[in-house]
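Dear colleague,

Please find below the structure that I am handing over to you.

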Amino acid sequence: MIIFKRKSGFTLIEILLVVAIVGVIATAAIAPLAFTVIRIAETEEQYNGEEALRRGLSLIIKDITETMRTAQNPLLRTVKKGILGMGDDYYLIVASIAPARQNSAAGCVVYRVVKKSVFSRLPEGLYRWIVPSKAPTEIDPEDMVEDDAQLVLTDVTNLKIEIFIPPDWSDESYSGGLPIGIKVSLTRGEKTVEQVEWLP
């Protein structure tokens, strides 16, 4: 008589059953986690978009408030240029001590949005140029050298500047001393952030 002894171990069916149960449990645990990660990423992107615009505005306002007050007029110049079918472009030129921080003669800081174009190799965004030894009236913001551009913020599509000339705000070109107030807004996609600064 032959007696069969059962060998110790698991059968294929037992192993497959355990794998299926672990798969169901893992799916049930990972689905809410994946949803949570996606929501966190969306919230972070939305917050970072607005926060990035605020940081860009802070840099602009800092350059305006650090204007060389001993310089001859004009200390600040804004240029409004209408582009056919694309709205208005604004350029900001301010007499600044920023070049001195880079061991150059004091001069100007220029802000301008570079838009997508076949004529520019720069990606779309807000750019800053530091121009030593020049007054705001000696600078043509359209002739800025691309290699000298400092990217402040990508994907910015509009920079708008308004000057408070009592009793109203004006969005026209301006050249002169520091105004009583300046309103700067940046647009990125559908989001626009604005900052008003009252100057002494």
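The notes below concern strand pairing and some features of the backbone.

Please bear in mind that this is a predicted model.

Strand pairing. Strand 6 spans residues 156-165 and runs antiparallel to strand 9, residues 181-188, the two being joined by 8 bridges. Within this pairing, Ile-163 has Ile-182 of strand 9 as its bridge partner. Strand 6 also pairs with strand 7 (residues 168-170), again in the antiparallel sense, over 3 bridges. Here Phe-164 stands opposite Trp-169 of strand 7. Strands 6 and 7 form a hairpin, with 2 residues between them.

Cis peptide bond. The bond that joins Pro-166 and Pro-167 is cis, with omega at about 10°. Pro-167 belongs to the loop between strand 6 and strand 7.

Positive phi angles. Ser-133 is not a glycine, yet its phi is positive, at about 60°. This serine is found in the loop between strand 4 (125-132) and strand 5 (150-154). Ser-133 counts as exposed because its relative accessibility is 52%, and the cut-off for exposed is over 50%. Asp-155, also a residue other than glycine, has a positive phi near 60°. Asp-155 lies in the loop between strand 5 and strand 6. With a relative accessible area of 44%, Asp-155 is partly exposed, as that class lies between under 20% for buried and over 50% for exposed.

With kind regards

Key
Residues are numbered from 1 along each chain as its sequence is written. This is a predicted model: local features need pLDDT of at least 70, side-chain atom pairs count only at pLDDT 80 or more; totals for chains, interfaces and linings use all residues. Side-chain values use heavy atoms; hydrogens and water are left out. Two strands pair if DSSP finds at least two bridges between them. Helices (H or I, at least four residues) and strands (E, at least two) are DSSP runs, numbered from the N terminus. Buried means under 20% relative accessible area, exposed over 50%, partly exposed in between (1.4 Å probe, protein chains only).
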